[in-house]
Amino acid sequence: MDPAGNLRKDIEAALHRQNLTAWQRTFLTDIHIRLERSGGKVRFSDKQWRKIFEILGRPNNVTALPLRVATSRPSRHQALRLFRPSFGRVGRRLRWRLRNLAIGFLVVATVAVGQQAFHFGRGQFQSTPASLRASQTQEFSVTDGDTVHVVGDATGTRLVGFNTPEKFSPLCENERQLGERASSRLRQLVAQGSARLTKVACACAQGTEGTDKCNYGRYCGVLRVDGKDVGSILISEGLAVPFACGRTSCPPTPRPWCKG
């Protein structure tokens with residue numbers, strides 16, 4: 001859903017504003033990616049609409065989701081009663097036996113299916129590591145030099161261990177240009193090699209992960225291409241700087257690209 005056909009343009013214009021917080025910028029970027037990927041047909045919750053229009057400066061333009069239309073179709077119970085024949089005393093006894101037989105069969109089938117699902121799931125868990133086998137076009141897209149967006153996730157994933165120049169809210173023209181180069185380089189690395197994204201715990205206070213108080217609600221991850229961390233590649237090429245966090249907090253984000 002893309003109201004008035006220009007929501008993406010409004011978001012692009014907003015991303016060039018300097019007064020956005022980091023969380024607002026990340027939120028709008030994620031929304032813009034989802035709109036582009038779906039061709040403007042993605043659906044958002046009422047809460048997401050309120051946030052979008054609040055950031056865009058239009059708090060009264062909340063779009064309500066369409067209500068379900070009530071139908072006059074009979075309920076399942078009513079339909080069964082319409083087609084349930086009457087057999088009298090003998091029929092009731094037969095129906096009781098058939099019902100018990102059906103219940104017994106259902107129990108046996110449920111147990112069998114549950115066992116198969118358990119063994120299958122255990123095999124999948126043992127054979128598949130806790131990471132995403134990724135390619136840029138199929139499973140995630142590159143937001144900027146240190147942020148990607150996994151298909152199906154509500155928010156982006158911040159890559160840890162390094163920081164790249166900002167291209168959405170740069171402090172100077174040099175930072176913006178370097179930010180564009182870092183994004184392009186990351187897309188190139190992913191397109192040319194075998195990429196693997198592994199989700200890791202964010203450096204946040206206990207109980208805050210997944211909330212706005214932890215990494216602006218984003219996930220954290222490590223992205224490797226052909227087994228090598230993309231952060232170390234970007235650092236070696238002058239497109240990123242090291243950014244190491246502790247277990248529950250991070251130091252000030254390094255942004256040296258406008259000094260001197």
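Reader: Where does Asn215 lie?
Author: In this predicted model, Asn215 is placed in the loop between β6 and β7.

Reader: What is the phi of Asn215?
Author: Phi of Asn215 is near 55°, which is a positive value in a residue other than glycine.

Reader: Is Asn215 buried or exposed?
Author: Asn215 counts as buried, because its relative accessibility is 19% and the cut-off for buried is under 20%.

Reader: Which other residue has a positive phi although it is not a glycine?
Author: Asp226 is one of them, with a phi of about 55°. Asp226 is found in the loop between β7 and β8, the latter being residues 228-229.

Reader: And is Asp226 buried or exposed?
Author: Asp226 is exposed, with a relative accessible area of 59%. By contrast, Asn215 is buried.

Reader: How far apart are the C-alpha atoms of Asp226 and Leu189?
Author: These C-alpha atoms are separated by 9.3 Å, while the two residues are 37 residues apart along the chain. Leu189 belongs to helix α6 and is buried, at 9% relative accessibility.

Reader: What is Leu189 in contact with, leaving aside its neighbours within four places in sequence?
Author: With those neighbours left aside, Leu189 contacts Val225, Val230 and Ile233.

Reader: Turning to the largest nonpolar core, which residues touch the most other members?
Author: They are Phe140, Val148, Leu159, Leu186, Leu223 and Val230, out of 22 residues in that core. At least two residues of this core come from each of β2 (140-144), β3 (147-150), α6 (173-192), β6 (195-200), β7 (219-225) and α7 (230-236).

Reader: Which element gives the largest share of this core?
Author: Helix α6 does, with 5 residues. In general terms, nonpolar side chains tend to be buried together in soluble globular proteins.

Reader: What does Leu159 touch, not counting residues up to four places away in sequence?
Author: On that basis, Leu159 touches Asp146, Thr147, Val148, Leu186, Leu197, Gly221, Leu223 and Val230.

Reader: A change of topic: at what angle do α2 and α3 pack?
Author: Helix α2 (residues 22-38) and helix α3 (residues 46-56) pack at about 115°, and their axes are 11 Å apart. The crossing of α2 past α3 is left-handed.

Reader: Which residues meet there?
Author: From α2, Trp23, Gln24, Phe27, Leu28, Ile31 and Arg34 meet Gln48, Lys51, Ile52 and Ile55 of α3. The residues of this contact comprise 6 nonpolar, 2 polar and 2 charged.

Reader: Finally, how many helices and strands are there in the chain?
Author: The chain has 7 helices and 9 strands. Of its 260 residues, 33% are buried.

Reader: And what does the accessible surface of the chain come to?
Author: The accessible surface is about 17000 Å², and 56% of this belongs to carbon and sulfur atoms. Among contacts with a separation of 6 or more, 61% are between residues 24 or more positions apart.

Technical notes. Residues are numbered from 1 along each chain as its sequence is written. This is a predicted model: local features need pLDDT of at least 70, side-chain atom pairs count only at pLDDT 80 or more; totals for chains, interfaces and linings use all residues. Side-chain values use heavy atoms; hydrogens and water are left out. Axes are lines fitted to C-alpha atoms, for helices over the stretch in contact, and angles run from 0 to 180 degrees between N-to-C directions. Helices (H or I, at least four residues) and strands (E, at least two) are DSSP runs, numbered from the N terminus. A crossing is left-handed if the near helix is turned anticlockwise from the far one by less than a right angle, and right-handed if clockwise. Contact means heavy atoms within 4.5 Å. Ala, Val, Leu, Ile, Met, Phe, Trp, Tyr, Cys and Pro count as nonpolar, Asp, Glu, Lys and Arg as charged, and the others, Gly among them, as polar. Buried means under 20% relative accessible area, exposed over 50%, partly exposed in between (1.4 Å probe, protein chains only). Accessible areas come from the Shrake-Rupley method with a 1.4 Å probe; for residues, only the protein chains shown count as cover. A nonpolar core is a set of buried Ala, Val, Leu, Ile, Met, Phe, Trp, Tyr and Cys residues joined through side-chain atoms within 4.5 Å.
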